[in-house]
Amino acid sequence: MAARGFPYTDLREFLTALEGAGELRRVPVPVDPTLEISEVVTRTVRANGPALLFERPTRGEMPVAINLFGTERRMAMALGVDRLDEIGERIGALVKPELPVGWSGIREGLGKVMQLKSVPPKKVKTAPCQQVVYRGADVDLNRLPGLQVWPGDGGIFHNYGLTHTKHPETGKRNLGLYRLQQHSHNTLGMHWQIHKDSTAHHAVAERLGQRLPVAIAIGCDPVVSYAASAPLPGDIDEYLFAGFLCGERVEMVDCLTVPLQVPAHAQIVLEGYIEPGERLPEGPFGDHTGFYTPVEPFPVLHVEAMTTQRDPVYHSIITSKPPQEDHGLGKATERIFQPLLKLLIPDIVDYDLPAAGVFHNCAIISIRKRYPKHAQKVMNAIWGAHLMSLTKLIVVVDEDCDVHDYAEVAWRAFGNVDYARDLLLTEGPVDHLDHSSYQQFWGGKAGVDATRKLPTEGYNRGWPEEMTMSPEVRSLVDKRWKEYGI
C-alpha cells in the first residue's frame, strides 16, 4: 500500500506527510547550524526520535529539514511502501531466472524492470526550482544554512547535495550524493571518491582539457534523494530508477547556465563548473565511520548561478558513528537490491548489512549449503560484485539462521567456527574513507564460514544436533502462560 499522498511532488509534501503521521517535529527556537543542530539531531536519532524541521537556524536564510530517513518506517514512507522489502519483491517478480548470471545479468535485469515500467524522466519548460534566480556576483552560498557537524570539521559542509555531471564524450548522465565543503561564498570542494562515476567524468574532462559542468540539487523529493544514494550500475540512469520506484516520470528542467538537467521540484539548485587541474585541500570531515577523514586535494566547483523555490527548505544529514540517519538509507538499499544480488549469486538465501559495520564493512550471508567450501565460493563471489567488492568482513551462516538476528548470527560465528580452517583471508579494494587499511583504497578482508561443517570438508566428528524444544511442549506453555503468573 502506498503512503498517503505518494508520490510526493516535492520535499514540502513529504514533510507534510511526515507531520501528519506524527513523524516530524518543528523546532521553533533559534538553533546554531555550527555544532548545536548536530548534537540535537544525534540525540534524537539515538532516541529513535522523529524527523526535525529547524525553523530558525541562526545562520542562513531558510529552515533546515533533517533526520528524514532515520528509521525504517520513515524510509518506507519516503518510498511509498509499508515494508522496504516490497520494492525488492517488485523487482524480483520481474527479473526472470533465465537472465544471464553475472554482473551483466544484474544490468539486464534492472534494465528490463525499467523498460517494463517505461518511466523515463520528463522534461518541462518551467520549474519551481527556478522561481528565484541569483547569478554572478549575486551568488552567495551563505544564504544556505550549511552545517558544521563536528568540532574538528574543516568548516561548513552541505551534506545532501545531489550532484549532476555528464560524461564529456558519451553524454551519459550521473547523479551522485557527495559531501560539499564550502570554501567561499561561491566555491565548493567536490569530495567525489575514487570509485564514483563523477570521478570518471572529471578525469575525462581533464584529459580533454575541458571544464566539467556541474549542477547540484538540494531538497529534492524523497525518492530522488534516495535514488542519488543507490549503488546502481553505471549504465542505469538514476532518474529512470526513481521513476520506477514512484511509478511516475520525474520532471526535469534545463539548467540556466550549464548543459545539464535537474529535478524541477528541487528546493535549491547550484550551477557551475570545475576547471581542469584545479584542486584545493578538502576536510577534515567527521564521517559516518565515526572518525575524521583527513585533508586531501579535491576538485573545486565555481558556482555561477543559484536558483531556488520561493521560501525554500534546506535539506541536510548528520554523519557520525552508528546509529545515525544513514541507517534508513542503507537498509533500503539492502532490501531493494536483494533480488539483484541473488540474481548475481543464486546461492544467497538472504543477507544483512549491519549499521554498526557502516553497511559496506560487514555482510552477513545465509546460504543453502550443498557442497564442500560452498561458503568460501560465496565469499569470493561477493568480493567480485560491484560495490559489494568493498566489503571487509563476510560472515556466512546456514539458511536456518535469521541474518537480521545479530545475537543468533554471533552465536553461530562464535561457536561454529574453527578459525584455523574456516577463516578465509584475502586482500582487495576498500572504501575511500577506510582509515584502517595500511594502504589507501585497498586492504585486508576476511570471510568467516559459520555454517555446519561437512565430512567432505574434513570434519569427521559428526556435527552435533542443535537443542530445540518439542512443538507440543511449546504449544502447551503458550496456552498456560497466564496461569504461571510470571
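Reader: Which element gives the largest share of the lining of the largest pocket?
Author: This is a predicted model, in which local features need pLDDT of at least 70, side-chain atom pairs count only at pLDDT 80 or more, and totals for chains, interfaces and linings use all residues. Helix H5 (103-117), strand E6 (157-166), strand E7 (173-182), helix H9 (326-336) and helix H10 (338-344) each give at least two lining residues (helices, H or I, of at least four residues and strands, E, of at least two are DSSP runs numbered from the N terminus). The largest share is six residues, and their source is E7.

Reader: What is the volume of the largest pocket?
Author: On a 1 Å grid over the protein atoms alone, a pocket is an open set of points with protein on both sides within 12 Å along at least five of seven lines, while a cavity is a set where a 1.4 Å probe fits but cannot get out; lining residues have an atom within 4 Å of a point. Points join across faces, edges and corners, and a volume is the space filled by probe spheres set on them. For the largest pocket, that comes to about 1,400 Å³.

Reader: Which residues that line the largest pocket are the closest to its centre?
Author: Residues are numbered from 1 along each chain as its sequence is written, and side-chain values use heavy atoms, with hydrogens and water left out. The lining has 49 residues. Those closest to the centre are Lys196, Ser229, Ala230, Pro231 and Leu387.

Reader: How many residues of this lining of the largest pocket are nonpolar?
Author: Nonpolar here covers Ala, Val, Leu, Ile, Met, Phe, Trp, Tyr, Cys and Pro; Asp, Glu, Lys and Arg are charged, and the others, Gly among them, are polar. The largest pocket has 14 polar and seven charged lining residues. The nonpolar ones number 28.

Reader: And how many residues in the lining of the second largest pocket are charged?
Author: The second largest pocket has a volume of about 460 Å³. Of its 23 lining residues, Asn416, Val417, Lys453, Tyr459 and Trp463 are the closest to the centre, and helix H12 (residues 406-415) provides the largest share, three residues. Alongside six nonpolar and five polar residues, the charged ones number twelve.

Reader: About how much space lies in the largest cavity?
Author: Its lining is made of His288, Ser320, Pro322, Pro323, Gln324, Asp326, His327, Ala355, Val358 and Phe359. By class these are five nonpolar, four polar and one charged. The space inside is about 40 Å³.

Reader: In the open sheet of four strands, which are the edge strands?
Author: The order is E1-E2-E3-E18, with mixed pairing (two strands pair if DSSP finds at least two bridges between them). E1 and strand E2 (residues 51-57) run parallel, joined by six bridges. Pairing on one side only, the edge strands are strand E1 (24-31) and strand E18 (314-315).

Reader: Which residue in E2 is the bridge partner of Pro30?
Author: Strands of a sheet pair through backbone hydrogen bonds, either parallel or antiparallel. E1 and E2 are a parallel example. In E2, the partner of Pro30 is Arg56.
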